[in-house]
Amino acid sequence: MSAPAVVVIGGGAGGLAAAIRLAVAGAQVTLLEQAETVGGKIGEHRDAGFRWDTGPSVVTMRHVLEELATAAGTRLADELELVPIEPITRYLWEDGTELDLSADPERSVAAIRAIAPEDVDGWRAFLDHVRRLHAVTGEAFIYGDPPGIGTVRRIPLREALILEPWRTMDGVIGRYLRSPYLRQVAGRFATYVGASPYSAPAALNVIAHVELNEGVWYPRGGLRAIATMLERLALRHGVTIRTGARVISIEVRDGRVTGVRLADGSRLAADAVVANVDAATVAGELLAPGILPGRRVRSLRDGRTSLSGLVLLLGVRGTTPRLAHHTICFSPDYPAEFRSLFRDGRPAARPTVYIALTARTDPEHAPPGDENWFVLVNAPALGPGFAWTPEAVAEERARVLARLGAFGLDPDGRIAVEHVATPADLARATGAWKGALYGRSSNEAFSAFRRAPNRSPDVRGLYLCGGTSHPGGGVPMVLLSGRRAARLAAGDLGLSGPR
Ligand SMILES: Cc1cc2nc3c(=O)[nH]c(=O)nc-3n(C[C@H](O)[C@H](O)[C@H](O)COP(=O)(O)OP(=O)(O)OC[C@H]3O[C@@H](n4cnc5c(N)ncnc54)[C@H](O)[C@@H]3O)c2cc1C
């Protein structure tokens with residue numbers, strides 16, 4: 001019997017992970033990517049001797065990469081050099097306060113003692129809280145099946161109480177930390193899923209665990225090295241990768257997928273299709289009307305979205321000693337920043353600015369003596385509240401530089417080259433629905449229960465992976481979604497190879 005044919009639509013991290021695992025399991029896998037390269041949001045840009053990662057800059061949950069490498073018959077250490085970053089992040093405030101959080105907890109405590117001595121015990125207790133939160137939520141919300149009522153019932157009541165679904169992230173943070181500096185630091189992890197610490201459910205404090213207790217790495221060469229590694233592993237296992245291949249529809253007969261149709265008019269038959277495309281786009285554009293129940297399409301397309309971002313890639317002459325590999329310049333009014341983004345759908349007046357400087361660790365990412373600034377500012381997903389007209393882009397760019405100026409970091413006069421990417425650019429380049437970085441909003445108490453499952457409940461042979469399906473966005477999470485989609489597909493196809 002010939003190997004079942006699987007088509008993966010989209011070569012983001014989730015799609016590549018699914019393709020690798022299905023190929024290892026014995027499927028004949030073709031991955032179709034609309035862009036000229038795979039990697040999706042894990043992109044890179046080069047100009048005038050500068051090189052930038054254009055998407056993610058922080059790698060957490062290293063064990064997820066390790067496990068994928070093992071499943072692909074190799075060792076992560078043989079494929080990727082992951083270096084720890086020290087400090088993990090430098091936090092700056094306009095009043096001159098600075099905090100370096102380190103991979104070494106005692107070093108972090110010493111730094112915290114210098115700015116908020118009253119919170120040293122609270123900080124330790126918070127780290128302990130998020131560790132316990134991870135132990136309770138890990139299997140139920142991240143590594144296992146999409147959560148449902150049954151999932152929550154399986155958690156013993158005594159442990160389930162730690163979820164505190166009636167509280168927000170900030171509500172619980174405030175129980176441990178009094179210093180406004182530290183509350184802002186702990187709340188910032190909400191933005192890792194594009195949410196607000198003042199609305200997102202307290203369970204999302206678990207994100208602080210993966211960074212503060214488990215650590216942060218940087219792949220030598222840049223985050224793009226992860227995409228290159230995934231592509232290499234896929235090719236090694238016989239996946240056919242076709243770039244410049246845009247799928248315009250998923251074909252369905254009698255409730256089962258039969259293949260896909262491409263923009264060039266060709267058709268590819270498939271026994272199973274794994275879509276690494278935004279779930280809202282699959283529902284509203286790739287499947288013909290009437291295939292999914294209307295309420296499903298509406299819930300995917302009309303639901304609230306997570307944050308997007310405005311990205312400035314700056315090639316900066318000279319060096320800026322105050323910047324670490326990762327630096328955060330905080331807004332003086334964090335609640336106002338999130339009100340603006342989520343309530344008004346507009347960029348904030350005084351946004352928090354994040355700068356990643358890979359040349360700190362890989363000096364060849366900039367000409368000698370210069371720096372490659374990746375500047376990211378939270379922005380609302382595309383909506384009626386704001387239009388990214390050329391004037392608006394110029395205004396927001398100026399605002400970001402002015403914010404940097406407030407920290408003595410204005411690079412004006414030193415910018416050799418620059419490139420700006422708005423939420424609209426992101427939507428165009430990766431098919432992200434409304435340009436949202438992390439799919440639908442995580443601001444509601446039961447967001448995790450509403451995420452698209454990895455196997456379509458409506459169409460047999462259709463699987464979903466990527467940031468908008470279970471368990472959510474972020475590089476390690478989409479790798480897990482690829483694993484789950486591949487396991488489900490392999491099981492349904494009767495494949496028994498390693499997976
Ligand atoms: C600016 C920015 C900063 C981020 N920072 C971090 C971070 O620090 N740490 C972290 O872990 N995560 C971060 N993320 C999130 C992370 O990058 C994403 O969650 C993850 O890379 C998404 O992977 P995915 O599998 O969902 O696929 P995507 O990257 O969304 O890729 C989907 C792919 O499908 C292709 N495609 C879409 N439609 C079609 C079609 N019809 N036919 C063919 N191909 C199609 C697209 O071209 C794309 O290549 C960041 C993202 C951005 C944009």
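Which does Gly413 count as, buried or exposed?

Reply: Gly413 counts as exposed, because its relative accessibility is 78%. The cut-offs are these: buried is under 20% relative accessible area, exposed is over 50%, and partly exposed is in between (1.4 Å probe, protein chains only).

This is a predicted model, in which local features need pLDDT of at least 70 and side-chain atom pairs count only at pLDDT 80 or more, while totals for chains, interfaces and linings use all residues. Residues are numbered from 1 along each chain as its sequence is written, and side-chain values use heavy atoms, leaving out hydrogens and water.

Gly413 sits in the loop that runs between helix 15 (390-406) and strand 18 (415-421). Helices (H or I, at least four residues) and strands (E, at least two) are DSSP runs, numbered from the N terminus. Val316 is 97 residues away from Gly413 along the chain, yet their C-alpha atoms are separated by 8.9 Å.

Now step back to helix 15. Arg403 lies in this helix and pairs with Glu94, in the loop between strand 6 and strand 7, 309 residues apart. The two side chains meet in a salt bridge at 2.8 Å, N to O. A salt bridge here is a side-chain nitrogen of Lys or Arg within 4 Å of a carboxyl oxygen of Asp or Glu. Arg403 counts as buried because its relative accessibility is 6%. Glu94, at 37%, counts as partly exposed.

The structure holds 30 salt bridges. Another one joins Glu371 to Arg360, with the closest N and O atoms 3.2 Å apart. Glu371 belongs to strand 17 (residues 371-379), and Arg360 to the loop between strand 16 (353-356) and strand 17, 11 residues apart. Glu371 is buried, with a relative accessible area of 1%. Arg360 has 34%, so it is partly exposed. Elsewhere, salt bridges with shared partners join Glu44, Arg46, Arg51 and Asp53 into one network. Within it, the closest N and O atoms of Glu44 and Arg46 are 3.4 Å apart. Glu44 is partly exposed at 33%, and Arg46 is exposed at 57%.

Next, the domains. An automatic or database domain assignment supplies the bounds. Domain 1 covers 43-103 + 215-219 + 307-437, and domain 2 covers 104-214. Their centres, taken over C-alpha atoms, are 23 Å apart. Contact means heavy atoms within 4.5 Å. By that rule, 30 residues of domain 1 are in contact with 29 residues of domain 2. About 2,400 Å² is buried between the two, with carbon and sulfur atoms giving 63% of that area. On the domain 1 side, Leu99, Leu101 and Tyr334 lose the most area to domain 2, together 20% of what that side buries. Buried area is the accessible area (1.4 Å probe) that two parts lose on being put together, summed over both.

Polar links also cross between the domains. There are 10 residue pairs in polar contact between them, both residues at pLDDT 80 or more. On the domain 1 side, strand 6 (89-92), strand 7 (98-101) and helix 14 (334-343) are the elements that give two or more residues to the side that touches domain 2. A polar contact is a pair of N or O atoms within 3.5 Å; within protein, one must be able to donate a hydrogen and the other to accept it, and residues adjacent in sequence count only if both atoms are side-chain atoms. The count of salt bridges between the domains is 1. Arg107 forms a salt bridge with Glu86, the closest N and O atoms being 3.9 Å apart.

Thr137 is found in helix 5 (residues 120-143). Thr137 counts as buried because its relative accessibility is 2%. Leaving aside neighbours within four places in sequence, Thr137 is in contact with Ile142, Leu163 and Val206.

Finish with helix 18 (residues 475-492). Its 18 residues reach 26 Å from first C-alpha to last, close to the 26 Å expected at 1.5 Å a residue. That expected span is 1.5 Å times one less than the number of residues. Helix 18 is mostly covered, with 15 of its 18 residues buried. Ala486 lies in this helix and counts as buried, at 1% relative accessibility. Not counting residues up to four places away in sequence, Ala486 touches Ala18, Arg21 and Leu22. Just after helix 18, Gly494 takes a positive phi of about 75°.
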